[in-house]
Amino acid sequence: MQRAGTFVALTASEFRIVEYMARHSGRVLKSHEVLNAVSSDYEYLPREAQDVFKVYVRRIRRKLEPNESEPRYLVTVRGFGYRLEGGVPSPSALRSAATTA
């Protein structure tokens, strides 16, 4: 994946999360919904998923956001979940980036 023309390496889990959220761009997603969609070997409970997902959000923001303390792309919707907003690559662009990496 690229940010400002520079290649940014995501872990496999981070990539699956960003890809899933890109496919649902603009929609508010709950943390357990995202984690359960991208994890085939474990079923997250809502409370457990919140803690795990916060770690992923912090790592993804650190890598993709121009200013992680004021996120533009991976936005928290307090009390509801998270939303991936404009300026994010399309799911097909994400897949092609994964195959070339």
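Residues are numbered from 1 along each chain as its sequence is written. In this predicted model, local features need pLDDT of at least 70 and side-chain atom pairs count only at pLDDT 80 or more, whereas totals for chains, interfaces and linings use all residues, and side-chain values use heavy atoms, with hydrogens and water left out.

The chain contains four helices and four strands, arranged along the sequence in the pattern β-β-α-α-α-β-β-α; helices (H or I, at least four residues) and strands (E, at least two) are DSSP runs, numbered from the N terminus. The pLDDT, the predictor's confidence in each residue on a scale from 0 to 100, averages 86 over the chain, with 81% of the residues scoring at least 70.

Of the 101 residues, 35% are buried, where buried means under 20% relative accessible area, exposed over 50%, and partly exposed in between (1.4 Å probe, protein chains only). Contacts (heavy atoms within 4.5 Å) between residues 24 or more positions apart make up 47% of those with a separation of 6 or more.

Helix α3 (residues 46–64) comprises 19 residues and spans 25 Å from its first C-alpha to its last, close to the 27 Å expected at 1.5 Å a residue, the expected span being 1.5 Å times one less than the number of residues. Its buried residues include Ala 49, Phe 53, Tyr 56 and Arg 61.

Beyond its neighbours within four places in sequence, Leu 35 contacts Ile 17, Tyr 44, Ala 49, Val 52, Phe 53 and Tyr 56.

Tyr 44 is itself buried, because its relative accessible area is 17%, whereas Tyr 42, at 40% relative accessibility, is partly exposed. In the loop between β3 (74–77) and β4 (81–84) lies Gly 79, which counts as exposed because its relative accessibility is 74%. Gly 79 and Lys 30 are separated by 49 residues in sequence and by 9.6 Å in space, C-alpha to C-alpha.
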